[in-house]
Amino acid sequence: MSGDSPLALPVWSAALFTAAGIGFAKLTEDFSRIAATARITMVIASAMALLALATAAAPVAAVLVRGRAGGAWRCLVVPLAAVALWYAVIRIVGHAVPTGPNIAAFAVIAVAGLGVLAATAWAATRISRQVPVAGSDRLRTVAVTAMAVGMAGATISALVWGLRVRTVDAAVFDGGQGLVATPFIPSWIAVLSVLCAATVLSGIAARRLLTDA
């Protein structure tokens with residue numbers, strides 16, 4: 001993840017951040033009326049982080065679109081194939097598992113989805129290493145720093161949300177609600193841990209760029 005591309009760490013931190021965001025969305029789906037402000041803040045901070053990453057990667061994407069990246073575009077086949085495989089897994093599991101909650105089926109689909117994120121991050125990192133970027137180093141530094149700030153804001157929002165749910169409905173922490181009826185506290189802590197990991201990685205990337213600037 002810390003290879004010769006300045007976008008390697010930001011891309012992989014975004015993959016972790018996306019996985020945690022999906023988990024957070026699943027965790028909060030039954031509590032839409034609790035801590036709504038924290039949830040909205042989470043969404044805004046997440047949008048800021050991912051928009052910042054898109055800004056940092058825009059020069060690479062421009063080179064790719066113009067057809068000046070040589071054979072780097074072939075890496076795009078990897079995430080497309082991963083998405084197709086994920087869809088196939090969903091169809092197969094959907095036909096094989098009877099209607100109703102099934103933790104094993106959910107786990108298979110979730111792991112396949114994580115595989116899509118990993119494949120996409122790998123392809124993006126590989127492309128960023130192969131494509132010569134003539135973009136502004138200052139723009140990339142500002143964008144990655146904004147990304148780290150957005151991720152930090154999202155992490156804090158997720159923390160506040162969970163504490164607020166605990167205050168409003170303490171029974172949730174002791175019941176069987178969470179990711180696919182798992183206990184709430186482990187699910188919430190898992191999401192927070194991944195968010196923190198993504199934030200740390202993006203912070204390291206921002207620090208490196210600021211140091212090199």
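Helices (H or I, at least four residues) and strands (E, at least two) are DSSP runs, numbered from the N terminus. This is a predicted model: local features need pLDDT of at least 70, side-chain atom pairs count only at pLDDT 80 or more, and totals for chains, interfaces and linings use all residues. Residues are numbered from 1 along each chain as its sequence is written, and side-chain values use heavy atoms, with hydrogens and water left out.

V11 is found in helix α1. Buried means under 20% relative accessible area, exposed over 50%, and partly exposed in between (1.4 Å probe, protein chains only).

| Residue | Relative accessible area | Class |
|---|---|---|
| V11 | 13% | buried |
| C75 | 10% | buried |
| C196 | 38% | partly exposed |

Contact means heavy atoms within 4.5 Å. Not counting residues up to four places away in sequence, V11 touches L53, A121, A124 and T125. The C-alpha atoms of V11 and S128 are separated by 9.8 Å, although the two residues lie 117 residues apart along the chain.

A pocket is an open set of points on a 1 Å grid over the protein atoms alone, where a 1.4 Å probe fits, with protein on both sides within 12 Å along at least five of seven lines; lining residues have an atom within 4 Å of a point. A volume is the space filled by probe spheres set on the points. The second largest pocket holds about 470 Å³. Its lining has 20 residues, with V11, L53, A57, T120 and A124 closest to the centre. Helices α1, α2 and α4 each supply at least two lining residues.

**Helix α4**

Helix α4 covers residues 103-130, 28 residues in total. The expected span is 1.5 Å times one less than the number of residues. That gives 40 Å, and the end C-alpha atoms are 40 Å apart, which agrees. Its buried residues include G113, V116, A121 and S128. The buried residues of α4 pack against α1, α2 and α3 (77-96).

**Nonpolar cores**

A nonpolar core is a set of buried Ala, Val, Leu, Ile, Met, Phe, Trp, Tyr and Cys residues joined through side-chain atoms within 4.5 Å. The largest has 26 residues; F17, M147, M151, W161, F184 and L195 touch the most other members. Elements giving two or more residues to this core are α1 (8-28), α2 (36-65), α5 (137-168) and α7 (184-212). Apart from it lies another core of 21 residues, including V63, A148, L201 and L209.

**Disulfides**

A disulfide is a pair of cysteine sulfur atoms within 2.5 Å. A search of the whole structure finds 0.
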